[in-house]
Amino acid sequence: MCKKQGRLRRLPEIECLFPSTVQEALSMLEKHNGSARVISGGTDIINKLKRRDLTAHYIIDLKAIAGLNFIRNDPEGLRIGAVTTLNDILESPLVCELYPIITDALSVLASPQIRNTATMVGNLCNAVPSADSAPPLIALQAKLKVINLEKERMVSVEDFFTGPGATVLAPGELVTEILIPSPPAPGAGTYLKHQLRAEMDLAMVGVGVYLALDAKKSVCKDARIVLGAVAPVPMRARKAEDILKGKVLDNNLIETAARIASEESKPIDDIRSSAEYRKTIVGVLTKRAIRQCLDRA
Ligand SMILES: Cc1cc2nc3c(=O)[nH]c(=O)nc-3n(C[C@H](O)[C@H](O)[C@H](O)COP(=O)(O)OP(=O)(O)OC[C@H]3O[C@@H](n4cnc5c(N)ncnc54)[C@H](O)[C@@H]3O)c2cc1C
């Protein structure tokens, strides 16, 4: 059942630090180990501090680090900086043209006001099972650059989450960018979200699908089906994916994959929905998303 949220109170006294480089931010994190929190857009963390769900003596605000605000394409794929806002990503012609599955997700995430300050990296680091940016990024096999004072490593978004609100990030580590590999062509992806209210609501179920097709666009060479809000972390529906691979996607096959994805999901009953209803919606959205991918391709 839903966790009761504490009431919003005035922020306690917190010192805000504004590093201008990643190195400076990492040094601050090390110096204030355990008593500092990193902030990008602040749309998640400020409410947690106000509710006293979290405590901090220092906030390290990454927004002033100019080197973390970018969207660029290179031979490895598309790179998005950690402080790039959701609206900047949404309005990027590169993203719109190459990765419409991301545009699908960000256009139904919160409101324009929130998206003007919130970031995609913050959405991932907050690690709620309903985070709208997670299923598309997993479907696209995106990775995160994670850095501390000694070294950097790449972590796939799929392996990033360890539970509700928890990630593989160790103390002293920051995420500096998202790398989205160029998807194989021909192919297409789609993200669909079911929510209680028409806007400004967290996903009851989110489904991201990416299909890679053969040159004639008739046989499915690879499929990734990612479900949000139906397990402690965003999850792949691998059995449903396997049903599609190497086959011509007719209606029977799509129905079967959708049913299997629904069976694979592991939702709970909570304030937004019963588990049973969520399972039904997984089937409906998976079917629609596969068809939409085929239309797009
Ligand atoms: C009214 C409202 C509606 C919303 N609707 C939705 C919705 O529909 N769908 C949805 O998915 N979310 C929704 N959200 C949640 C929120 O807006 C997103 O999760 C947002 O993308 C978080 O980004 P941020 O930059 O504000 O993160 P912040 O609040 O700055 O940070 C979030 C967490 O990530 C950590 N963090 C931030 N940056 C880094 C970094 N570079 N390295 C390491 N850790 C970091 C912070 O320490 C914190 O723990 C909503 C929020 C509000 C207030």
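Two strands pair if DSSP finds at least two bridges between them. Helices (H or I, at least four residues) and strands (E, at least two) are DSSP runs, numbered from the N terminus. The structure is a predicted model, in which local features need pLDDT of at least 70, side-chain atom pairs count only at pLDDT 80 or more, and totals for chains, interfaces and linings use all residues. Residues are numbered from 1 along each chain as its sequence is written, and side-chain values use heavy atoms, with hydrogens and water left out.

An open sheet is formed by 4 strands in the order 11-12-13-14, with antiparallel pairing. Strand 11 (187-194) and strand 14 (235-236) are its edge strands, and each pairs on one side only. Strand 12 (residues 205-213) and strand 13 (residues 220-228) run antiparallel and are joined by 8 bridges. Tyr210 has Arg224 of strand 13 as its bridge partner.

Two helices pack on this sheet. Contact means heavy atoms within 4.5 Å. Angles run from 0 to 180 degrees between N-to-C directions, and axes are lines fitted to C-alpha atoms, for helices over the stretch in contact. Helix 5 (residues 100-107) touches strand 11 and strand 12, and its direction makes about 10° with that of strand 11. Helix 12 touches strand 11, strand 12 and strand 13; its direction makes about 150° with that of strand 11.

Helix 12 (residues 275-296) also packs against helix 11 (residues 251-264). The angle is about 140°, and the axes lie 8 Å apart. Helix 11 is therefore oblique to helix 12. Angles under 35 degrees count as roughly parallel, over 145 as roughly antiparallel, 65 to 115 as roughly perpendicular and the rest as oblique. Among the contact residues are Ile254, Ala258 and Glu263 of helix 11, and Val282, Lys287 and Leu294 of helix 12. The residues of this contact divide into 7 nonpolar, 4 polar and 5 charged. Here Ala, Val, Leu, Ile, Met, Phe, Trp, Tyr, Cys and Pro count as nonpolar, Asp, Glu, Lys and Arg as charged, and the others, Gly among them, as polar.

Another open sheet has 3 strands in the order 1-3-2, with parallel pairing. Strand 1 (15-17) and strand 2 (36-39) each have a single partner strand, so one side of each is left without a neighbour in the sheet. Neighbouring strands are turned by 25° against each other on average, direction ignored. Strand 2 pairs with strand 3 (residues 58-61) over 4 bridges. Arg37 has Ile59 of strand 3 as its bridge partner. Helix 1 (residues 22-31) lies across strand 1, strand 2 and strand 3, and runs at about 165° to strand 3.
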